[in-house]
Amino acid sequence: MRFGHSQTDDTARPWTRRVFTAVTGSVLAIGCASASAQEASYPEDPVEFIVPWGPGGGSDILMRLVSNHIEEYLGEPLPVINMPGVSGTIGLADLAERPADGYTVGQVHDGFLVSHHTGLTPLNWDDFEPVASITASPQYLTVNPDRGWETMEDFVDYARDNPGEIRFGVTLGGVPHLHAAMIAEAEDLEFRFVGFEGTGERIRALVGGHIDAAMGDIASSNQFVENGDLAFLAVGHTERMVQTPDVPTLMELGYEDLQLSILRGLIAPEGTPEERIAVLSDALESTASDEDFVRAVNNSGAEVQFMGPDAYRAHLERLDATVERLAGQLQQ
């Protein structure tokens with residue numbers, strides 16, 4: 001008997017190959033099934049939600065509404081972790097260092113892109129994975145009615161005839177500054193920008209006649225408009241707002257590119273698996289259709305505006321180009 005070489009005979013090799021192929025196929029199948037099972041069970045623990053602003057502000061209020069309603073659709077809690085500082089850049093710098101495993105996400109809005117292009121942070125939106133947008137706070141061109149401007153056309157005509165005279169209240173280097181600069185660019189106008197720390201301070205100055213125009217929203221300005229102390233000339237939303245049905249959108253006035261809204265969305269660390277991004281996005285989409293969530297967001301003066309990963313990425317790309325183009329003005 002030839003025990004020594006029998007396993008290397010050519011007649012034995014096909015059998016060996018068949019066994020090896022069968023075993024390898026089984027291992028691969030088990031591995032794929034295991035990976036699929038792991039993805040199907042995601043998330044198995046709470047997903048931390050970094051909100052890079054302090055408690056009580058617009059982002060905190062709206063993102064806590066997301067946190068309060070999403071667990072039913074995500075299957076795990078999404079607890080808010082406030083990490084304020086340096087115009088929202090501190091918390092997002094922390095997010096960038098987290099593992100890309102789907103167990104940490106962060107909130108971002110248009111101001112982060114402004115912070116990048118004005119030198120506050122080296123990070124930009126494309127250092128992360130877009131998950132979805134979820135809420136929008138449409139911004140209104142708001143004026144002091146004592147100036148006599150009843151329409152957007154009145155305002156533009158006056159600004160064109162009187163360059164640099166209109167005192168436009170903004171948060172210097174912030175989203176209101178960006179939006180005012182976008183209006184100026186659209187009609188080749190020149191404003192005199194006046195800086196304020198926050199929306200409330202800016203709107204009070206407008207009511208008092210210390211400035212002539214500002215970007216406002218429902219939460220900060222509508223009560224003053226109803227009292228006749230302020231006037232809305234146009235809104236930067238995609239459609240007229242239910243609360244202000246007589247106020248035209250900038251788009252319907254012919255400004256197709258002027259969608260002036262603070263759009264808040266979620267991002268994840270770069271490299272987070274697409275499958276987990278999809279799970280998070282699907283849960284947010286379901287939340288966006290939840291009537292209680294929609295009602296709560298509307299009561300906070302905002303709108304639900306969901307965009308999935310691809311649409312949100314495209315939005316951020318377009319916005320980034322705009323901010324980069326206007327960055328010189330925002331640093332003045």
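Predicted model: local features only at pLDDT ≥ 70, side-chain atom pairs only at ≥ 80, totals over all residues.
Q: Before we look at anything, what pLDDT does the chain average?
A: The average is 89, and 88% of the residues score at least 70.

Q: And where does pLDDT stay under 50?
A: Over residues 1–23, for which the model has three contacts beyond four places in sequence. Residues 26–38 are also below 50, and that stretch has one contact in the model beyond near neighbours in sequence.

Q: What should I do with the coordinates where pLDDT is low?
A: Don't read them in detail.

Q: OK, sheets now. What's the strand order in the open sheet of six strands?
A: Going across, the order is β2-β1-β3-β10-β4-β11, and the pairing is mixed.

Q: Which strands stand at the edges there?
A: β2 (80–82) and β11 (303–307) do. Each has a single partner strand, so one side of each is left without a neighbour in the sheet.

Q: Let's zoom in on β1. How many bridges join β1 to β2?
A: Three, and the two strands run parallel. In that pair, V51 stands opposite N82 in β2.

Q: And how do β1 and β3 run, parallel or antiparallel?
A: They run parallel, joined by three bridges. There, E48 stands opposite T104 in β3.

Q: What about β4 and β11, parallel or antiparallel?
A: Antiparallel: β4 (residues 128–138) pairs with β11 over three bridges. As an example, A136 has E303 in β11 as its bridge partner.

Q: What do strands of a sheet pair through anyway?
A: Backbone hydrogen bonds, and the pairing can be parallel or antiparallel.

Q: Back to the six strands. Which of them does α2 touch when it packs on the sheet?
A: α2 touches β1 (48–51), β2, β3 (104–108), β4 and β10 (261–269). Its direction makes about 160° with that of β2.

Q: And which strands does α10 lie across?
A: β4 and β11, and α10 runs at about 125° to β11.

Q: So at what angle do α2 and α10 pack?
A: Helix α2 (residues 58–74) and helix α10 (residues 291–299) pack at about 165°, and their axes are 10 Å apart. That angle is why they count as roughly antiparallel to each other. The crossing is right-handed.

Q: Which residues meet there?
A: From α2 you have L62, L65, V66 and H69, and they meet D292, F293, A296 and V297 in α10. By class, this contact has six nonpolar residues, one polar and one charged.

Q: Switching to the open sheet of five strands: what's the order?
A: The order is β7-β6-β8-β5-β9, with mixed pairing. β7 (192–195) and β9 (231–235) are at the edges with a single partner strand each, so one side of each is left without a neighbour in the sheet.

Q: In what sense do β6 and β8 pair?
A: In the parallel sense: β6 (residues 167–170) and β8 (residues 213–216) share two bridges. F168 has A213 in β8 as its bridge partner. On this sheet packs α8, touching β5 (140–143), β8 and β9, and its direction makes about 135° with that of β9.

Q: α8 also packs with α7, so at what angle?
A: About 20°, with the axes 10 Å apart, for helix α7 (residues 199–207) and helix α8 (residues 218–226). That makes α7 roughly parallel to α8. The crossing of α7 and α8 is right-handed. T199, I203 and V207 of α7 make the contact with S220, S221 and F224 of α8. By class, the α7 and α8 contact has three nonpolar, three polar and no charged residues.

Q: Last one: what angle do α6 and α11 pack at?
A: About 90°, with axes 10 Å apart, for helix α6 (residues 175–187) and helix α11 (residues 309–330). That makes α6 roughly perpendicular to α11. On the α6 side the contact uses H177, L178, A181, M182 and E185, and on the α11 side L319, T322, V323, R325, L326, Q329 and L330. Those residues divide into seven nonpolar, three polar and two charged.

Technical notes:
Residues numbered from 1 in each chain as written. Heavy atoms only, no water. Axes fitted to C-alpha atoms, helices over the stretch in contact; angles between N-to-C directions. Helix = DSSP H or I, 4+ residues; strand = E, 2+ residues; numbered from the N terminus. Parallel < 35°, antiparallel > 145°, perpendicular 65-115°, else oblique. Left-handed = near helix turned anticlockwise from the far one by under 90°. Contact = heavy atoms within 4.5 Å. Nonpolar A, V, L, I, M, F, W, Y, C, P; charged D, E, K, R; others polar. pLDDT = per-residue confidence, 0-100. Pairing = 2+ DSSP bridges.
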